[in-house]
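Here are some notes to read alongside the structure. Please keep the sequence and the 3D view open while going through them.

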Amino acid sequence: LDGWVRIARLQQASDADVLDKHAVAVLVGWHLEVQKGEVHYNFNSSMGVAVPEILHFAYGHHLKLLAASTQLAKSLSKMRSPSKGLMSGVIGNAWLLKVDVLKAASLDFLPREKPLPQHEDYLSGEILGTWQWLGE
């Protein structure tokens, strides 16, 4: 055998058309680039840059972060993953995930305000316990 064998479990018979269309675009490599607030994935296909593009499945939390220009495989049934719920089909040789880092960028080592009085005894106990543990 010289080539690829692709096997898919159909959720519905109507999924066959979408899966067959993208079956020739096999993921063979990828490049990841991370910048402040953005994650870029560029996927390499066995077909080069030719159409069709790669069909991926994305978790719900990926969909919330994907750029608005992302093409969803709307006619493809969602697939149940073993751990994180339903996955949706996404078509493309690149993903751009955008994360709002404004709040995270403003974080400092220490909280901005003093702890509430009702938490002081607990925090003092934790600090003392850690100090003693480190001294052992």
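This is a predicted model: local features need pLDDT of at least 70, side-chain atom pairs count only at pLDDT 80 or more; totals for chains, interfaces and linings use all residues.

The points below go from the overall layout to single elements and residues.

1. Overall dimensions. The radius of gyration of the protein is 23 Å, whereas a compact globule of 136 residues would have one near 14 Å. The C-alpha trace spans about 65 × 30 × 30 Å along the principal axes. Buried residues make up 23% of the 136. When contacts between residues at least 6 apart in sequence are taken, 57% of them join residues at least 24 apart.

2. The three-stranded sheet. An open sheet is built from three strands in the order β1-β2-β7, with antiparallel pairing. Its edge strands are β1 (27-35) and β7 (94-98), each of which pairs on one side only. On average, neighbouring strands in this sheet are turned by 15° against each other, with direction ignored. How many bridges join β1 to β2? There are eight, and β2 covers residues 38-45. To find this pairing in the 3D view, look for G29, which has N44 of β2 opposite it.

3. The pair β3 and β6. These two strands run antiparallel and are joined by five bridges. Within this pairing, H56 has V90 in β6 as its bridge partner. Why can β3 be called largely enclosed by the rest of the structure? The reason is that four of its five residues are buried.

4. Helix α1 spans residues 15-22, and its buried residues are D15, V18, L19 and H22. These residues lie on the same side of α1 because they cover an arc of only 95° around the axis. Exposed residues D17, D20 and K21 sit on the face turned away from that buried side. The cover over the buried residues of α1 includes β3 (55-59) and β6 (86-91).

5. In soluble globular proteins, nonpolar side chains tend to be buried together. The largest nonpolar core here has eight residues: A25, F43, I54, A58, L66, V90, W95 and L97. There is also a second, separate core of six residues, with V18, L19, A73 and L76 among them.

6. Residue A73. Where does A73 lie? A73 is in the loop between β4 (71-72) and β5 (79-80). Is A73 buried or exposed? Its relative accessibility is 8%, and the cut-off for buried is under 20%, so A73 counts as buried. Apart from neighbours within four places in sequence, A73 is in contact with V18, L55, G89, V90 and I91. Of these, V18 is one of the buried residues of α1, and V90 is the bridge partner of H56. From A73 to D100 the separation is 27 residues in sequence and 26 Å in space, C-alpha to C-alpha.

Technical notes: Residues are numbered from 1 along each chain as its sequence is written. Side-chain values use heavy atoms; hydrogens and water are left out. Two strands pair if DSSP finds at least two bridges between them. Axes are lines fitted to C-alpha atoms, for helices over the stretch in contact, and angles run from 0 to 180 degrees between N-to-C directions. A nonpolar core is a set of buried Ala, Val, Leu, Ile, Met, Phe, Trp, Tyr and Cys residues joined through side-chain atoms within 4.5 Å. Buried means under 20% relative accessible area, exposed over 50%, partly exposed in between (1.4 Å probe, protein chains only). The arc is that of the directions from the helix axis to the C-beta atoms. Contact means heavy atoms within 4.5 Å. The radius of gyration is taken over C-alpha atoms; the globule rule is 2.2 Å times the number of residues to the power 0.38.
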